[in-house]
Amino acid sequence: MRSSKIQEVETVFHEVLELPPEEREGYLAQVCSGNAALYAEVSSLISAADSGVSEFMDEPAVSLGLTIISQNSEQSLVGKSLAAYLVIARLGRGGMGEVYLAEDTRLGRKVALKFLSQELLHDNWAKRQLVKEAQAAAMLDHPNICPVYGIEEVEGHIFIVMQYVEGQTLQDAIRAQSIGPEDVVNLARQIAGALEEAHAHGIIHRDIKPRNIMVTSTGQVKVLDFGLAKTVTPKLDKEASEFSNSRITSKGFLPGTIAYMSPEQLRDERLDFRSDLFSLGAVLYEIMEGRRLFARESEAEMISAILTDTKHTYKKPNSKIAQIIQKCLEKNRDERFRSASELLISLKSITEVSNNGFMFVRRSAFWNAVYLFAAVALILTVVLLIKWARKPTDLTSVAAAVTPDNSGAYSLAVLPVKSDKTAKNSDYLKRGLPEDLIRRLSVTPGLKVRPYTSVANYEGQAVDPAKIVKELNVNAVLALELFVKDGRTMLRSNLTKADGSEIWSDEEAMDWQSILSIQDRIVQNVNHHLTQYQMSDEKFAAARGTSNSEAYKQFMLGRYYWRNRDKEKLPLAIDYFTKAIALDPLYAQAYAGRADSYVLLNLISFGKVPTEEAMAKARADAREAIALDPNMAEAHTSLGVIYLRYEWRWDAAELELQKAIQLNPDYATAHYWYSNLLFIMGHPEQSLEESQKARDLEPFNAPTVLNYCRILSRVRPVEQGLACFEKLEKEHPESDHIKYGYALLKYRSNQQRDAMAMFERIYAKDKTWGAALAYARARAGNLEGAKKVLTEMLELSRHQYIPPQEFAIIYAGMGDTDNAFAWLEKEYIERFGGLIYLTVEPLFQPLRSDPRYYSMVNRLNLPALNTAY
Amino acid sequence: MTASPSSEITGLLVDWGNGDQAALDQLLPLVESELRRLAHNYMRHENPDHTLQTTALVNEAYLKLIDQKKTRWQNRAHFFGIAAQIMRRILLNYARDRHRAKRGGKSIQVSLSEASAVTLEKARELIELDEALNRLALVDERKARVVELRYFGGLDVEETAEVLRVSTITVMRDWKFAKAWLARELDNAK
């Protein structure tokens, strides 16, 4: 039917329909006389319209659609064909994934598919986790490990393809009493065999529990779900001590089921293979005794039982297997079997193996792989409990040696090291030593130690402690001095109280071997004299960071080069931190230091390592540091910066930075980045507040103050910003960075002439700083002048990294939006970091009317240009 | 404190409005997942007896997904059009899955009984209606669009008119005709 015809049909149709029913037939016949086709067409439509059409399509299908959507959306996978897999049924679901039974139509066999759950579909972290799980399991080849066939990505679904194991979970089998004590040795051997294989590949399962162990009808064990598995084998590349990392806690899932967790896992300590042996012990106990070992009324009691309960009753306490299980269940991992292999040897020595095999009552068609979804509340419980358990009980009555402030705390400042030029290593120690003492003393209850940054300006000055006590308004100061006596480097420590009188002093010979013990003595003495606080040995050791003096030395060097970083020194810092980690793999500060270095690598040593690689390493290190010491503000900050600058995960960044600030409100770097995040997200007042906090903590640190001036100039009247810059420029006349910011502000506040002159001067010194000049020239109509800068900078960029956004700014100024966006795209791909200021950087203004700008804003997930500025 | 995770949609909608067809391909899955999420939350938090106010929901989706300040009025129309298309696709996929699952033979034992919003009968009807609608589109594309917007998108006459930029009278006439046409097609199919 052609459209002219349908029009005719339609016209007649409506004409007829408007008539009373009795007149229709006659009218239709009249209109269609000689056109039988038209008559038939309209007539059939009219009768269709008349007969029962009243309700047809009256209820929009959209309500049906929404009902479908709102029901278990995973239902929609059933019946779906994904590549060669026809999804047949859902087998189970949990926090991270959903497992389906499917048919591999090419091979005609059943398989199990593990998908990410709906809400994690767009979560890249979860995706990587799934890939890691597949990779971990794919490394393994063992009859007792469920084999992984592959990982597929089809139509936006990513899933692991694995063997479909017909049988039942150990949990169901225990419940159904289809297995019992007589099977325990056989099962233990199989599971231990699976663990031996995993461990041999450097994989800790971390979630051994009856639900993750399938038993087939023939009694064969298949260990499943390496979703929480963690690879611990050092990579064989140059950085032998780097561990790949896959912590789950940061995501809000509790790794593993609490009931089978090892004590060290509950305490969130670094795990090794022996953690799996503990979990296996708990599983074997359950098979043996028919009840869950750590079953308690509440999670809290369960945790407490795992951590402390040692009295496990056995029906046959003297049996060999009971003793083996008991050994697996030792709280102290050093007292467990050293490895799965050792456990296997013990198991093999048992001769009384029942060979009657397995007679499963039930053959469950579907195994029920249900994953634990740990609610946040649960995690909180655990965290709180652990915190509570760790809380020192020896809170002391406070000494009267010094007067506390209103809150009852004593304040102390540790001064920069005064040093004789001839003293060995004084460069490394000058700042590192007081910083470490501050860190170690900060954990003393009732003692408030000023951050190093607040005393940094005393560096290199001859100072009178008595005067500083007053200047800094503290109760006491600890002064340190390095000097040479009889050819030996000595450290003099001196604790002075507010009235100027000396409380304690000491002098010791100092070298790398003794440095840790000297620090120990200083910490003990300060604590003793100020608060009479006796730190427990454990806490004391923990606050030390490392007990390996060589590792400490490497760490000090790393930090020294980090602090004085430039293109050459930053990679050196990484080398030193790496050495420190190699010497002490549990050295949290070293991981944090290396994370901090990697974070800045792309900014400072462009091109040394691709941004992506550096950030991946930074992330791994920061997570490792947090795993080792969850209370380290530095590591949380590093992670926050990665989320902020590289991953553009604003919420995640905020959480980490807030966490860092909560852990150490004196850590200026956290405030610094948080102020940036708040600014980008359109919270000017809070941003200013944070930048101010950072400035107050580090009043002598140029970048910190610059950050404050910048934000101030955007949030408050421009005069305030100008005054801030003016003062800062005077204090740091050598800094181009400050000049550039100052000039940009002048440019925006109708002092274009001044600004231009400053741009010219800066550019003449360093050609990487030409973007603003070219921009300003172009906007003033001097296109030739702008092009000249552009050409020179492009030429320069052949030898030296210049962030793409610099060119985007120039093109924006020239009105060449196509090229501007091309460079922004480049920046987007490189994720250099500056792109996060897209919506707040005034120089991008000319681009803001272009649809491509919105596209980029949206891809970055940024709020639209904020009218707040 | 952060922007809506789907603010990308606004940009794509603008791009699409500016004639960038590729933006539509990116837009569809995004709106779909947001709609799914919204509907999901909606059902979870509302009283289960509560009847879904469908246009209200699409409207809410629109308000949530689209930054009003950044878009022109046409975007709302575009968005509704897209939502209708998505609904149609979701429904049809579901109906087909439902059908396929039933036909799948003995190896497939689907436990759909727990949650079958769509009866088998309804599933077949939907599939047939969809096919008929495709045929109608060949005859008169606008009428097919009217049906899509009204039936699958839940839009009322005025909203449909806004999306298609025609008068409400035209929409009403199209709707009446299309309904008769489709009813006849479905009847013939039986």
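1. In chain B, residues 24 or more positions apart account for 66% of the contacts with a separation of 6 or more, a contact being a pair of residues whose C-beta atoms, placed from the backbone, lie within 7 Å. This is a predicted model, in which local features need pLDDT of at least 70 and side-chain atom pairs count only at pLDDT 80 or more, whereas totals for chains, interfaces and linings use all residues. Residues are numbered from 1 along each chain as its sequence is written, while chains are lettered from A and ligands numbered from 1 in the order in which they are written.

2. Chain B has 8 helices and 0 strands, where helices (H or I, at least four residues) and strands (E, at least two) are DSSP runs numbered from the N terminus. Its pattern along the sequence is accordingly written α-α-α-α-α-α-α-α. Of its 190 residues, 43% are buried; a residue is buried if 20 or more other C-beta atoms lie within 10 Å of its own, exposed if 12 or fewer, and partly exposed in between, with C-beta atoms placed from the backbone.

3. Within chain B, helix α6 (residues 141-152) and helix α7 (residues 157-164) pack at an angle of about 130 degrees, and their axes are 10 Å apart. Axes here are lines fitted to C-alpha atoms, for helices over the stretch in contact, and angles run from 0 to 180 degrees between N-to-C directions. The two helices α6(B) and α7(B) are therefore oblique to each other, given that angles under 35 degrees count as roughly parallel, over 145 as roughly antiparallel, 65 to 115 as roughly perpendicular and the rest as oblique. On the side of α6(B), the contact is made by Arg142(B), Arg145(B), Val146(B), Leu149(B) and Arg150(B), and on the side of α7(B) by Thr160(B), Val163(B) and Leu164(B).

4. Chain A contains 34 helices and 17 strands, and 47% of its 869 residues count as buried. For contacts in chain A with a separation of 6 or more, 62% are between residues 24 or more positions apart.

5. The largest nonpolar core has 199 residues, and those with the most contacts inside it are Leu412(A), Ala625(A), Leu677(A), Ala743(A), Tyr775(A) and Ile810(A). A nonpolar core is a set of buried Ala, Val, Leu, Ile, Met, Phe, Trp, Tyr and Cys residues joined through C-beta atoms within 7 Å. The largest share of this core, 12 residues, comes from helix α4 (residues 73-103) of chain B. Another core, of 86 residues, lies apart from it and includes Leu86(A), Val161(A), Tyr164(A) and Ile325(A).

6. Thr637(A) has its place in helix α22 (residues 633-647) of chain A, and with 30 C-beta neighbours inside 10 Å it counts as buried. Leaving aside neighbours within four places in sequence, Thr637(A) is in contact with Leu657(A), Ala660(A), Tyr667(A), Thr669(A), Ala670(A) and Trp673(A). With the corresponding neighbours left aside, the contacts of Leu677(A) are Leu644(A), Trp650(A), Ala653(A), Glu654(A) and Leu657(A).

7. Strand β4 (residues 109-116) of chain A is largely enclosed by the rest of the structure, because 6 of its 8 residues are buried. It is joined by 5 bridges to strand β6 (residues 157-163) of chain A, and the two run antiparallel; the bridge partner of Val111(A) in β6(A) is Gln163(A).

8. An open sheet of 3 strands in chain A has the order β7-β9-β10, with antiparallel pairing, where two strands pair if DSSP finds at least two bridges between them. At the edges stand β7 (167-169) and β10 (221-223) of chain A, each with a single partner strand, so one side of each is left without a neighbour in the sheet. The twist averages 25 degrees from one strand to the next. Helix α7 (residues 184-200) of chain A packs on the sheet, touching β9 and β10 of chain A, and its direction makes about 35 degrees with that of β10(A).

9. Arg206(A), with a positive phi of about 70 degrees, is found in the loop between β8 (203-204) and β9 of chain A and counts as buried, with 22 C-beta neighbours inside 10 Å. Asn750(A), whose phi is near 60 degrees, lies in the loop between α28 (736-748) and α29 (752-765) of chain A, but counts as exposed, with 10 C-beta neighbours inside 10 Å.

Technical notes: Contact = placed C-beta atoms within 7 Å.
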